[in-house]
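I opened this entry to record what I looked up in the structure. The notes begin with the surface and end with the charged side chains.

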Amino acid sequence: MFKRSAAVLLAVGLLASASAYADETLPIDRELDKYWNVEQAVPTLENPLYERKGGFEASIHAGIVPNDSFYVPKPIGGRLAYFLTDSLALEAGYSYLMSSNSDLQNFLICAAHTSKGCVNLTDGVKKSPQLTMLSSLDIAFAPVHGKFGIFTSKISSFDLGISAGVGMIGVKTDASVDGTGTPEQHYKAAGHWGANFRFYITRWLNIRTDYKQFVYWPESGKTFLSPIEFTLGVAFLTK
């Protein structure tokens with residue numbers, strides 16, 4: 001009888017020890033948790049890291065308009081945004097475009113060399129519209145927020161946003177039929193949409209890249225054009 005009771009007590013003790021051992025986290029497990037425990041992982045898709053409601057963001061940028069066949073416009077400008085909420089902003093932007101001829105345009109201007117000089121295929125041809133300015137007034141929304149990190153250390157935060165709005169485009173157009181006229185500056189209404197990405201360096205400073213797709217009609221009765229603007233810039237937050 002005594003032996004049976006001792007065996008029962010021994011079994012209960014072993015089970016209790018096994019349960020306590022299972023509940024106890026080994027040192028190696030505690031170290032691995034620093035790397036793999038999802039409760040300690042850097043969170044993403046949360047609210048913005050910094051409060052921005054009622055604050056301004058000013059940015060400067062430079063970039064390129066890559067989809068013009070005859071010219072290579074290079075925008076330089078800035079944007080100013082006012083945050084209605086932490087994620088919703090009203091933003092105005094302006095880009096002055098410095099243009100150079102594209103490879104296609106250079107070829108057309110000098111398609112072949114002769115004893116009399118270049119053969120210019122653009123002679124007697126109406127000139128293509130040449131962009132000089134892009135401006136925008138947008139509603140911008142940044143619904144995605146996240147953080148870059150390695151293991152348990154946060155490196156920086158970022159957000160992804162979308163925008164849409166209206167604006168004005170400056171463009172030089174040739175009103176002549178045979179290309180003998182001088183292109184004149186005009187301002188055309190345009191719609192656009194876009195997306196942007198911010199990478200925060202500090203509380204007040206971030207690196208920002210933007211994509212904008214414009215749509216406008218350079219001349220009445222002609223097909224619409226849709227220039228794309230890619231820019232990279234530096235932005236400063238006031239709040």
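**Surface and fold**

I worked from a predicted model. Of the 239 residues, 30% count as buried.

I then read the secondary structure and noted 3 helices and 10 strands, in the order α-α-β-β-β-α-β-β-β-β-β-β-β. Among contacts with a separation of 6 or more, 64% join residues 24 or more positions apart.

**Nonpolar patch**

I found a nonpolar surface patch made of Phe56, Leu80, Tyr82, Leu84, Leu90, Leu137, Ile139 and Val166, with about 690 Å² of accessible area together. Strand S2 (71-83) and strand S6 (130-150) each give two or more residues to this patch. I checked Leu137, which lies in strand S6; Leu137 has a relative accessible area of 48% and is therefore partly exposed.

**Salt bridges**

I counted 11 salt bridges. Arg208 pairs with Glu57 at 2.8 Å, N to O; Glu57 sits in strand S1 and Arg208 in strand S9, 151 residues apart. Arg208 also meets Glu91 at 2.8 Å, and this pair joins strand S9 to strand S3 across 117 residues. Arg208 counts as buried at 2% relative accessibility, and Glu91 is buried at 3%.

I next examined Asp210 and Arg79, whose closest N and O atoms are 3.6 Å apart. Asp210 is buried at 5%, and Arg79 is buried at 7%.

Which residues are linked in a network of salt bridges? I listed Arg52, Glu57, Arg79, Glu91, Asp159, Arg198, Arg208, Asp210 and Glu229.

Note on methods: Residues are numbered from 1 along each chain as its sequence is written. This is a predicted model: local features need pLDDT of at least 70, side-chain atom pairs count only at pLDDT 80 or more; totals for chains, interfaces and linings use all residues. Side-chain values use heavy atoms; hydrogens and water are left out. Patches are made of residues with over 30% relative accessible area and no salt bridge: like charges are joined within 9 Å, nonpolar side chains (Val, Leu, Ile, Met, Phe, Trp, Tyr) within 5 Å. Accessible areas come from the Shrake-Rupley method with a 1.4 Å probe; for residues, only the protein chains shown count as cover. A salt bridge is a side-chain nitrogen of Lys or Arg within 4 Å of a carboxyl oxygen of Asp or Glu. Helices (H or I, at least four residues) and strands (E, at least two) are DSSP runs, numbered from the N terminus. Buried means under 20% relative accessible area, exposed over 50%, partly exposed in between (1.4 Å probe, protein chains only). Contact means heavy atoms within 4.5 Å.
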